[in-house]
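Dear colleague,

My notes on what was found follow it.

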Amino acid sequence: MTKKMDDGPLRDELILHPIEKRILLFLTKSGPASFAAIAEKTALDEGAVAKAAQWLALKNLVKVEENITDKKVELGYEGKIYAEKGLPERRLVDFLEKIGGEAELSDIRASGILSEDEIRIGVIWAKKNGWIEIIRKGDEAVLELKKYPKERTEEEIVLQLLKAGQRSLASLGPYASACERLSKRPNIVKITEEVIHVVSPTDMAIRMGDELLSAIEEVSQLTPELISSGKWREVAFSRYNLSAPVKPTYSARLHPLTMLIDMVKETFVEMGFEEVRGPLVELAFWNFDALFQPQDHPAREMHDTFYLANPSKGIPPAKFVDSVRRTHEDGGDTGSKGWGYKWSIEEASKLVLRTHTTATTIRYLSEHNEPPVRVFTVDRVYRNEKVDWKHLAELHQIEGILMDRSVSLRHLMGIIKEFYMRLGISNVRFRPSYFPYTEPSAEVEVLLGENNKWTELGGMGIFRPEVTRPLGVKYPVLAWGLGLERLAMAVFNLKDIRELYRNDLSWIRSVPINFSKVASRRRD
Amino acid sequence: MPAIMLKTNRIAEFLGREIKTEELIEAIRELGLAIEEAGTDYVKAEYNPNRPDYSSIAGIARALQGILGIKTGMPRYRVQKSDVKLIVDPKVKDVRPFVVSAIVKNLELNDESLEEIIAMQEDLHWIIGRDRRKVAIGLHDYSKVHPPIYYKAMLPDSVSFIPLGGRNKMTPKEILEETSTGSKYRWILDGKKYFPFIIDSRNEVLSFPPIINSSLTELTSRTKDIFIDVTGTDFKAISDALNILVTTLHDMGGTIYSVDVIYDDKHVITPDLSSTKWRINLKEQSALIGIDLRPIHALRALRRMRLDARIVGDEIEIDVPAYRIDIMHPVDFAEEIAIGIGYSQLTPLIPYTANFGKLRPESELSRLIRLLMIGLGFTEAVNTTLSNKQKEYEFLGIPNTGSPNILNPASLEYDTLRVRLLPGLLESLSINKHNPTPQKFFELGDVLQIDESVPERFVRRLSLCIVISHSSASFSEIKSIQEEIARSLQLDLKMIAKDYPFMMPGRSVALLSNDVEAGYMGEIHPAVLEKFKIEMPVTALELNLSLLGIL
């Protein structure tokens with residue numbers, strides 16, 4: 001590659017952008033000049049001159065030098081006041097001279113010619129200049145005039161010279177150093193440096209002389225015309241400026257929650273589970289009663305569950321009403337003691353926004369009571385809760401059941417562990433827990449998040465006989481209901497759970513599409 | 001879940017040996033409590049509501065003794081007979097029909113243990129008592145009580161007494177109206193002609209259940225003997241609460257004495273702390289856990305759970321103490337055994353059941369449509385199906401009729417369910433006002449619809465909505481996108497001019513599929529944009545996918 005370029009017809013130094021060419025011709029004719037001067041003479045923009053000069057310097061055709069020759073100076077905020085009233089030290093000694101060469105601080109304060117700040121500044125500088133001395137007499141500090149400056153000081157002259165406005169430091173001539181001394185004091189004078197770039201042609205450029213005129217011109221964009229006319233053979237293309245900033249491009253995105261849900265669904269499909277779907281508005285019968293939740297259970301209270309206004313009631317399935325009723329009342333044929341209360345069909349007919357997706361899997365089970373059953377759903381559930389940074393009223397659950405002849409709690413642990421492993425989370429543990437519809441029950445905890453904390457992600461268990469028998473199910477049913485949003489918060493590193501449903505473009509765009517790698521990187 | 005504060009040194013007192021906080025955390029986790037917070041010398045834990053016997057440190061320590069191997073098997077409680085009688089007035093049947101009672105003597109209380117007792121009482125009120133409706137507990141300094149004791153129903157203004165925390169005598173009616181406890185619980189007595197009272201032989205009111213006790217018998221750290229009344233609507237529930245209370249007070253050093261409760265039709269001696277016998281088939285229960293358990297190991301595990309267990313023929317016989325009110329079915333012992341062994345000792349297994357995985361058609365179609373929308377440059381939005389009437393109807397200028405409204409909204413933010421996706425997307429545009437335009441969003445999600453033909457009366461319908469917002473958003477732009485969506489999904493959509501309250505007149509259309517209106521498209525009315533605080537033109541399209549015959 002390199003060889004070919006060296007041998008090729010185009011020598012680097014001979015490929016010039018039109019702007020570069022114009023600048024070089026000007027410089028070889030008129031000698032070194034600043035960016036500003038070149039811009040003025042060649043009718044180019046100063047920025048363009050600067051850019052082209054950098055390129056020419058790379059081609060060794062010019063030298064660019066930075067000269068900080070020109071310093072501009074002007075009065076600062078305090079300086080303007082002092083130029084009118086005099087420096088504080090001057091006003092101090094003038095006062096001392098007037099009242100007889102000696103005064104207490106309180107006298108000076110009383111005179112009102114200097115503010116409190118100015119007294120402090122004046123005393124410091126008058127003392128530094130050797131004009132006064134401070135003598136303690138009892139409790140009072142007495143200022144004594146040592147040497148009264150009759151002539152104006154250099155600093156004072158500078159203030160007067162600058163009264164007319166900004167000028168160059170050099171133009172102050174012998175007073176320049178006094179000006180620099182003043183610049184050390186706050187807000188009196190402001191010195192600004194101006195950097196001048198001087199561009200001069202290199203010896204090589206001067207030697208080349210007219211050869212430059214015949215240099216090939218550079219183009220920055222290949223066009224259809226250049227291709228079809230074949231002219232691309234005669235031009236040179238400029239090299240990329242790698243540091244030039246570009247306008248950002250944003251892709252259209254799937255919502256991060258959808259990406260996570262798809263990932264979860266895929267995982268269960270991979271593990272041999274079939275997706276099911278159930279109603280969002282659900283009969284209390286399926287949401288609670290079929291799951292052996294007694295009708296006075298606190299979860300059924302108005303402040304926990306959303307009830308529908310109109311219609312507010314539906315029809316529980318006649319096929320199961322009686323067996324469920326008996327199970328609640330005295331255990332029925334399930335071998336249970338039951339809850340021992342009078343079950344009401346009114347209560348079971350109420351319509352609720354389902355509080356868990358178990359309502360959907362239990363419905364499925366009621367229609368499929370022959371083994372094996374392996375189904376899952378990832379869907380919305382509702383809680384009549386006040387929304388804040390860690391609570392939502394509507395969220396998703398990852399739900400599933402497995403029914404077969406001889407499955408156990410250990411198999412359930414295996415399914416859940418495998419599921420999280422596939423999401424890149426390898427630390428999963430289980431703790432005994434309680435749900436009215438499962439026994440044994442467990443809470444699932446995984447190691448998650450930035451600070452690697454054990455986080456409760458949901459519950460699981462084996463459906464109680466009080467749940468399965470009334471539906472005609474004879475074999476153990478492993479069941480789980482895991483939280484999606486809590487997982488999402490950890491995976492997307494969110495502090496506020498509400499962000500998930502705000503659709504803020506800046507957030508959606510900030511989530512990497514391969515976020516699952518983020519979870520797996522935390523594996524150890 | 002109810003919470004309890006466990007001071008490590010206090011637990012150690014009940015355990016009868018020292019324990020480190022780390023060991024405590026591990027052990028209570030094994031029991032199934034959730035650690036909420038832990039310090040160097042305390043653990044704040046949450047317990048499951050099926051175990052109200054965990055409402056005291058003594059109760060948790062009892063279980064810990066088992067799991068830590070300090071004491072195993074069922075704890076025994078002796079009930080001494082007393083000649084104290086509690087006579088029940090038949091009139092209480094219509095108010096609060098049941099009462100049980102006990103006396104616990106020889107306690108040595110201090111401020112700390114007194115506080116534990118009160119906290120336990122509150123938890124029991126909530127968990128078993130359903131906020132005092134089902135069960136209410138009265139605890140009294142027995143030295144102030146003069147038996148026999150009466151449980152009576154009387155007219156609300158027929159007595160007066162100084163309520164706990166009060167200064168002056170008040171009638172029950174005044175208590176309900178003027179005290180904070182009264183106003184909090186008076187709903188339980190709503191519509192009752194008579195109110196229930198516990199009264200002693202000197203006619204002093206001890207309790208006005210389920211509202212408040214009399215200050216006369218208030219417990220203090222100097223109280224030695226406690227008289228307990230538990231009233232309620234369910235005999236089993238009040239007995240459960242009493243049993244948990246007295247066994248805990250016993251573990252705190254007290255001696256339990258019975259009370260004769262005399263109803264007009266029966267006579268019961270409470271508390272009844274006799275254990276319950278269960279028989280289980282070990283094979284069945286160990287299959288549920290997934291281990292082949294030798295009987296001796298099962299017995300050990302059950303004893304670690306503070307149960308008595310022995311082998312009887314092919315079965316295991318188990319004695320369950322009276323404070324364990326959670327056992328309903330033989331299956332409950334599977335969990336007892338599993339906890340007794342330790343969940344952490346159970347190695348996960350992969351089930352060999354084979355099945356083929358599959359997605360629902362809605363999920364399959366949704367994936368394809370999402371791909372299409374991304375290809376068209378639209379970013380996906382996800383909004384909640386919970387919405388509010390203002391956003392859903394008022395802002396769009398459409399009437400709220402026959403909609404899925406919530407009966408008991410906790411806030412005005414969510415008082416209905418969405419019937420279209422558009423309001424949610426307009427809100428998304430409003431939230432993104434500060435981000436650069438053009439902005440193009442789509443949402444693919446469910447809306448709710450009434451359908452009297454299904455038992456649950458409402459159905460979810462998959463809908464697709466898109467919005468485009470920039471300074472020159474135009475009809476031709478969105479029409480072109482609609483045509484590409486139709487081409488890609490093989491839809492035969494016809495456009496007819498139609499005005500909608502939320503679109504600009506003459507600048508919107510209905511989309512028909514087989515002559516059924518399946519959607520709308522057009523330019524959002526500036527009055528609607530103003531309500532959503534959007535300052536850019538917006539065009540929108542919404543299609544009800546369930547009406548298109550593609551699902």
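Helices (H or I, at least four residues) and strands (E, at least two) are DSSP runs, numbered from the N terminus; two strands pair if DSSP finds at least two bridges between them. This is a predicted model, in which local features need pLDDT of at least 70, side-chain atom pairs count only at pLDDT 80 or more, and totals for chains, interfaces and linings use all residues. Residues are numbered from 1 along each chain as its sequence is written, chains are lettered from A and ligands numbered from 1 in the order in which they are written, and side-chain values use heavy atoms, with hydrogens and water left out.

In chain B, strands β16 (residues 308-312) and β17 (residues 315-320) are antiparallel partners over five bridges. B:R310 has B:E317 of β17(B) as its bridge partner. Two residues lie between the strands of this hairpin, and B:G313 takes a positive phi near 60 degrees.

A nonpolar core is a set of buried (under 20% relative accessible area, 1.4 Å probe, protein chains only) Ala, Val, Leu, Ile, Met, Phe, Trp, Tyr and Cys residues joined through side-chain atoms within 4.5 Å. The largest has 177 residues, of which A:Y420 and B:I228 touch the most other members. Helix α7 (residues 235-251) of chain B gives this core its largest share, eight residues. Another core, of 36 residues, lies apart from it and includes B:Y142 and B:V268.

Finally, A:F237 is in strand β10 (residues 236-237) of chain A.

Yours sincerely

Key. Buried < 20%, exposed > 50% of the residue type's maximum accessible area, 1.4 Å probe, protein only.
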